[in-house]
Amino acid sequence: MKYANVKGVAVVVLGLGSATAMATNGDQMLGVTATQWGMAGATTAAPQDTGTVLTNPAGLATLDMNEFRSDMGFGFLNPPRTANGNESDSDLYMMPSGAIAFRLNDRLTAGMGMAGLSGMGVDFADVVPMPGNQAVVTTKQFYKIAPGFAYQVNDALSLGAALNIDYQSLALYNSNFQLPQNQVFGFGATLGAIYKINPVLQLGFSYIAEQNMDAFEWNTTAGKYEMTMNAPEQYNLGLAWTPSETLLIEADIKQIMFSDVLDKVDLKTPNGTVPMEFGWDDQTVYAIGMQKQVNAKTTLRLGYNYGASPIESEDVMNNIGSLAVTEEHLTLGLTRQLGKKVSTSLSYAKAFENKVEDDAGHYIELEQNVLNFQISYKN
């Protein structure tokens with residue numbers, strides 16, 4: 001019986017790994033709107049829409065609007081992925097997003113946004129090196145609601161802050177047990193600043209605090225399981241260059257502190273606490289995006305994003321289902337003005353296939369296709 005319990009915990013570890021399988025920069029999205037995705041996430045210094053309340057709230061003060069702006073949209077994620085030669089059967093996920101902003105006066109702008117920032121799941125019929133009935137099926141969702149504001153201190157400097165209200169759900173199934181869909185809430189904060197150095201250069205910075213989540217609790221016939229999964233702290237720095245009224249180029253660098261939340265996670269089981277050694281490293285992300293207005297109604301975007309996989313070869317077996325290993329991303333975007341107040345935007349992102357393999361030949365690999373649509377209104 002003791003051996004069975006240990007085996008069950010081992011499969012739990014694999015299942016929990018796959019529960020964090022959303023992968024672009026680790027398990028974090030490149031952006032929350034089609035505009036942000038089109039720039040490969042390089043929007044810290046010169047944001048173009050109200051989605052900035054989720055990434056750098058100071059950007060609300062710099063948006064092109066008079067009194068009100070809204071940006072609503074959704075995306076589809078297609079992530080073909082493989083673990084030890086086994087393909088996951090689930091390969092399409094929906095990602096909603098939306099944000100609004102109100103210019104209360106010449107200096108103060110308030111806004112609120114909502115988006116899915118990480119999650120999805122896997123459906124493996126067999127994932128362990130030994131063949132057999134070792135199915136792992138998971139679903140995980142992480143959504144954030146962020147009411148915030150920005151204050152224009154002077155012509156050069158704007159500051160912003162947002163409260164993060166987080167929702168996270170998780171379900172796990174494997175051949176040993178079932179942990180049904182459960183949900184928890186959490187809180188955090190985002191701070192930001194944008195500084196206009198001169199007419200063509202603009203600097204942006206944002207800080208996203210670690211999102212402190214309540215503990216998941218599952219009641220099973222064997223007893224109670226508990227686990228806490230926080231979302232990582234992030235630092236973002238961007239520099240935007242606008243050599244002309246129709247051209248914008250921005251370069252960003254981001255530091256995601258995965259090691260604080262996914263290096264080791266404690267799972268409390270009926271037989272005691274089991275440390276799960278996922279071994280995720282901190283990730284440094286580099287992004288560059290270009291935006292060109294080709295005529296009065298059409299704007300094009302192109303972006304590139306790179307971040308080394310937070311999972312290295314020595315941790316493959318501890319992340320047999322955690323397919324967060326993509327590194328290079330190429331993005332395209334388009335905005336078309338439909339009228340004086342309404343525009344629509346599209347973006348496509350390709351996360352190129354990446355494979356991480358250990359010395360014994362066990363491996364995980366992933367590529368991604370992401371399509372986003374957005375409708376914007378401003379007056």
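Student: Which residue in β21 stands opposite Ser345?
Tutor: Gln374. The model is predicted, so residues are numbered from 1 along each chain as its sequence is written, local features need pLDDT of at least 70, side-chain atom pairs count only at pLDDT 80 or more, and totals for chains, interfaces and linings use all residues. Side-chain values use heavy atoms, with hydrogens and water left out.

Student: How many bridges hold β20 and β21 together, and in what sense do they pair?
Tutor: There are 14 bridges, in the antiparallel sense. β21 spans residues 363-378, and β20 spans residues 342-357. Strands here are DSSP runs of E with at least two residues, and helices are runs of H or I with at least four, numbered from the N terminus. Two strands pair if DSSP finds at least two bridges between them.

Student: What about the residues between β20 and β21?
Tutor: Five residues lie between the strands of that hairpin. Gly361 takes a positive phi near 95° there.

Student: And on the β19 side, how many bridges to β20?
Tutor: Nine, again antiparallel, with β19 at residues 328-337. Leu332 stands opposite Tyr348 in β20. β19 and β20 also form a hairpin, with four residues between them.

Student: Which ring has the charged end of Lys355 over it?
Tutor: The ring of Tyr363. The charged end of Lys355 is 4.1 Å from the ring centre. The test asks for NZ of Lys or CZ of Arg within 6 Å of the ring centre and within 35 degrees of the ring normal.

Student: New topic. How many aromatic pairs does the structure hold?
Tutor: Nine. One is Phe68 with Phe102, tilted, at 5.1 Å centre to centre and 50° between the planes. Rings of Phe, Tyr and Trp (its six-membered ring) pair if their centres lie within 6.5 Å; planes under 30 degrees apart are stacked, over 60 edge-to-face, the rest tilted.

Student: Where do Phe68 and Phe102 sit in the chain?
Tutor: Phe68 is in β1 (residues 68-78) and Phe102 is in β4 (residues 93-103). They are 34 residues apart, and the pair links distant parts of the chain. Phe68, Phe102 and Tyr377 form one aromatic cluster.

Student: Is Phe68 buried or partly exposed?
Tutor: Phe68 is partly exposed, with a relative accessible area of 22%. Phe102 is partly exposed too, at 38%. Buried means under 20%, exposed over 50%, partly exposed in between (1.4 Å probe, protein chains only).

Student: What kind of aromatic pair do Tyr143 and Tyr167 form?
Tutor: A tilted one, at 6.5 Å centre to centre and 40° between the planes. Tyr143 lies in β6 (residues 136-152) and Tyr167 in β7 (residues 157-174), so the pair ties together parts 24 residues apart in sequence. Tyr143 is partly exposed at 22% relative accessible area, and Tyr167 is partly exposed at 26%.

Student: Which strands make up the open sheet?
Tutor: Its order is β11-β12-β15-β16, with antiparallel pairing. The edge strands are β11 (216-220) and β16 (272-276), each pairing on one side only.

Student: What joins β12 to β15?
Tutor: Two bridges join β12 (residues 223-227) to β15 (residues 265-269), running antiparallel. Met227 stands opposite Leu267 in β15.

Student: Last one. How many helices and strands does the protein chain have?
Tutor: Four helices and 21 strands. Of the 379 residues, 54% count as buried.
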